[in-house]
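Please read it alongside the model.

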Amino acid sequence: MTDWSAFWLSIQVTFCGLAIAVAVGLPLAVLLALHRFPGRNLLEVLVTAPLVLPPTVLGYYVLVSVGRSSAIGRFWESLTGGPIVFSMTGCVLAATIAALPFVVKNSRSALEAVDPGLMEAAANLGAGFPRRLWTILLPLARRGIIGGCMLGFAKALGDFGVTLMVAGNIPGRTQTAPLAIYDHLLSGRDAQAQGLVLALTGLGILVLWLVNTWANPRPTDRRS
Amino acid sequence: MHPCRDLLVGMLLCVLHSGSLLNTAEPLIIAAASDLGPAMDELKWLHPQPITVVLGSTGLLARQIAQVAPFDLFFAANRSFADDLVRNGHGVADSAVLYGRGRIVVWTRAAAPAPAPVTLTDLLADRFVHIAIANPEHAPYGQAAKEALQNGGWWDRLEPRMVYGENVSQTLQLAQSGNADVAIVALSLAVAAPGGRWMLIDDALHAPIDQVAVMTTQARDPIASRAFLAAVASPAGRTIMRRYGFVLPGEALDSTLLRTPDAP
């Protein structure tokens, strides 16, 4: 029998993490796509670095920057009464870090692919930036943005390294599905792990399929 | 006995056991429970061949050996994992040897502002917000820690404060970095960890942590592997193990290790 509590925790954590990644990542993507400013490359490198850094390196940075003896960690603790590490907040932070690069990178490419002539025409007709953003840019780029969100979701759902290092692996509170699978396997409870393994595999494949067929259809598919 | 002489005797034993192996460049690969990290750094010099040590939680390493990981020796933190390997045909029965009994300690940072606990009951104090132990499901030192707290009647009240390290070494790191206020870890790690205070936990509170080493059936060099096991059991090996707080078969714990040497 599979215990699904870790799976539901993972789903909650992933959605929270993705929501934050979108709230932070989408404005960043707009900024990176539409504006040239000093430090633009550096900003993009920083945002997308989690894609290429080893999870242990990321976990180390997170522990050092938001751990209980860090300035941010202490500030958070004085504000909320609880630490970031060893809590669901820590899991959500790990999920956000995992999802952010996909959200930013894919959204940025989609935003850059929107014909700038449309934006200029709308501006000439007197539409302000917020209106152009809501009625032209975001709707036209929506497939790429949603595709990035889906990939970010899949990546965040599967986060292991950072979560292991910062969340304390507490069953029912911070033990996400990938960590539960690891513990089940090490303790010889393969049967318990199998349900979770299948669920995560299924979700991963579903997301990729959706991204390929719907969010980023090949030119031949688009006609139909 | 003088430590230098112990070392010489140990090396001699290795040479006698391994014969011409001095020429072999292929390293022995030892999978060791993470409580053995500091001790292994010294033990490996008892052997004429280069030695590669792979550290991890006993459960993880046992799992890998069952999948034919290329380890020659397995130093488990608990007898049951080594026994399972032998039973399932991955460990050589007559090579299994009890190399020491582990002890657990309550470890706190020396730099922590609040006073260190003096008894396990002190852990109930509010200042210990997060208590780190190794994952009791597959790390023997975590099992012992949980058992001790259960037998003392503290577990139910402390469980909400528990956080779990993947292995006993990561557990110590959680407290060293100040993220957990206290950790229950192996004495062998506390001895080697700078900047901390420890307090020994009564071993009547938990089942003995009998550490058993076994040669794997896939060991590429059985003669050298057995020679290393003999070196660990030699007087030189025992000196090292004793210094790291392992209780050796037929001995009592080195009494200087009951608590941090400089603790008040």
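1. Domain bounds here are those of an automatic or database domain assignment. On that basis, chain B comprises domain 1 (3–101 + 210–257) and domain 2 (102–205). The model is predicted: local features need pLDDT of at least 70 and side-chain atom pairs pLDDT 80 or more, while totals for chains, interfaces and linings use all residues. Residues are numbered from 1 along each chain as written, with chains lettered from A and ligands numbered from 1 in the order written.

2. Over C-alpha atoms, the centres of domain 1 and domain 2 of chain B lie 26 Å apart. Their contact (C-beta atoms, placed from the backbone, within 7 Å) involves 22 residues of domain 1 of chain B and 17 residues of domain 2 of chain B.

3. On the domain 1 side of chain B, two or more residues each come from helix 2 (37–43), strand 2 (51–56), helix 3 (58–66) and strand 4 (97–102). Elements are DSSP runs numbered from the N terminus: helices are H or I, at least four residues, and strands are E, at least two. Helix 2 of chain B supplies the largest share, three residues.

4. By class, this domain 1 side of chain B has ten nonpolar, ten polar and two charged residues. Nonpolar covers Ala, Val, Leu, Ile, Met, Phe, Trp, Tyr, Cys and Pro; charged covers Asp, Glu, Lys and Arg; the others, Gly among them, are polar.

5. Between the chains, 14 residues of chain A meet 15 residues of chain B. Helix 10 (residues 177–186) of chain A gives the most to the chain A side, with three residues.

Definitions and conventions:
Two residues are in contact if their C-beta atoms, placed from the backbone, lie within 7 Å.
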